[in-house]
Amino acid sequence: MKNNIHGVGVALVTPFDDRGEVDFEALGRLVRYVTEGGVDYLVALGTTAETPTLSAGEKRDIVACIKAANAGKLPLVVGIGGNSTRDVVENIRTFDLSGTDAVLSVTPYYNKPSQEGLYRHYETVAAESPVPVILYNVPGRTGVNMSAETTLRIALEVPNVLGVKEACGLIPQMARILRHRPDGFMVISGDDCFCLPLTVIGGDGVISVAANAFPREFCAMAHAAGRGENLVASELFMRLFEPMEALFEEGNPAGIKAALDIKGIARPGVRLPLVEASAGLSAKMERLISENAL
């Protein structure tokens, strides 16, 4: 199974204009900005992209815009998930995955499947996907935690699965996967603040929110950790952790969009039911960006 996914992936936001429509000019600008900042791959249509609020046509156009702006420079991962296995399979079959290196597929949400249900879901999805699948475990959003045992069972038994984006927030669970995983199975941090500790114990980088706004500094930290330069990585982490915390104070992607607005890259607007960052958070973010020279 081909794998050119490594290091820092960036979970791209979906910029909107003043009318609430997708701002493709800003999206192209963002792709160029993070590429110049040193990210290793792009992730489209993830949580940070406000994917539940996008139409099928918008999703297609967003990925086409990212491909055009990227021009094949970086690997591309596309998010395709849902809580109906049949619908996920159909979406994978009909979506234009040309130029895509992997599919990121979140655990089914709301209907809270059992561990056996999770296994069978991914077994079915992976069998139908023309590109490798990255599992995505984010129990804080889905209402179900895919256990280390289920993740390892999939890793050992299901072909065409590249790894897991793990956002459970539990180092022991992540460590259990790392200790028992088969060769080549990636364990990717799904939380910016867990990137450093997970990398130190053998993890495989991160899919980052913060790298939208601070790609150069975040990548410097993550890449230093990947090289085993833990003192350098720790110093950079200390510079980043307060701004990273602030990004999530009022939910994602309101915080990161406030930071991108301050940077002049994209407007701060989000789609309901999400709301834009408050004036207080925007002022705090501006202060933290200035104080930390980001």
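This is a predicted model: local features need pLDDT of at least 70, side-chain atom pairs count only at pLDDT 80 or more; totals for chains, interfaces and linings use all residues.

Modeller: A crossing is called right-handed if the near helix is turned clockwise from the far one by less than a right angle, and left-handed if it is turned anticlockwise. Keep that in mind for the pair we start with.

Take helix H3, residues 85–94, and helix H4, residues 115–128. Two packed helices are described by the angle between their axes and the distance between the axes. Here the axes come within 9 Å and cross at roughly 15°. Angles under 35 degrees count as roughly parallel. H3 and H4 are therefore roughly parallel to each other. Their crossing is right-handed.

Which residues of H3 and H4 meet? On the H3 side they are Thr85, Val88, Val89, Ile92 and Arg93. On the H4 side they are His121, Thr124, Val125 and Glu128. By class, the contact of H3 with H4 has four nonpolar, three polar and two charged residues. An α-helix has 3.6 residues a turn, so residues three or four places apart point the same way.

Helix H6 spans residues 148–157, and helix H7 spans residues 171–180. Their axes come within 9 Å and cross at roughly 30°. H6 and H7 are therefore roughly parallel to each other. H6 passes H7 in a right-handed crossing. H6 brings Ala148, Glu149, Thr151 and Leu152 to the contact, while H7 brings Gln173, Arg176, Ile177 and His180. That contact divides into three nonpolar, three polar and two charged residues.

Now the strands. E5 covers residues 133–137, and five of its five residues are buried, so the strand is largely enclosed by the rest of the structure. Both of its faces are covered. Val133, Leu135 and Asn137 lie on one side. Ile134 and Tyr136 lie on the other. E5 has a partner in strand E4, residues 102–106. The two run parallel and are joined by four bridges. Leucine 104 stands opposite isoleucine 134 of E5.

Strand E3, residues 76–79, also has both faces covered. Leu76 and Val78 are buried on one side, Val77 and Gly79 on the other. E3 pairs with strand E2, residues 41–44, in the parallel sense over three bridges. Alanine 44 stands opposite valine 78 in E3.

Finish with helix H11, residues 254–262. Seven of its nine residues are buried, so H11 is largely enclosed by the rest of the structure. The buried ones are Ala254, Gly255, Ile256, Lys257, Ala258, Ala259 and Leu260. What covers them? The cover includes helices H1 (24–36), H10 (230–247) and H12 (279–291). Just after H11, glycine 264 takes a positive phi of about 75°.

H12 holds leucine 281. Is this residue buried or exposed? Under 20% relative accessible area counts as buried. Leucine 281 has 3%, so this residue is buried. Leaving aside residues up to four places away in sequence, leucine 281 touches Ala246, Glu249, Glu250 and Gly255. Gly255 is one of the buried residues of H11. Arginine 153 is 128 residues from leucine 281 along the chain, and their C-alpha atoms are separated by 42 Å.

Conventions:
Residues are numbered from 1 along each chain as its sequence is written. Side-chain values use heavy atoms; hydrogens and water are left out. Axes are lines fitted to C-alpha atoms, for helices over the stretch in contact, and angles run from 0 to 180 degrees between N-to-C directions. Angles under 35 degrees count as roughly parallel, over 145 as roughly antiparallel, 65 to 115 as roughly perpendicular and the rest as oblique. Contact means heavy atoms within 4.5 Å. Ala, Val, Leu, Ile, Met, Phe, Trp, Tyr, Cys and Pro count as nonpolar, Asp, Glu, Lys and Arg as charged, and the others, Gly among them, as polar. Buried means under 20% relative accessible area, exposed over 50%, partly exposed in between (1.4 Å probe, protein chains only). Two strands pair if DSSP finds at least two bridges between them.
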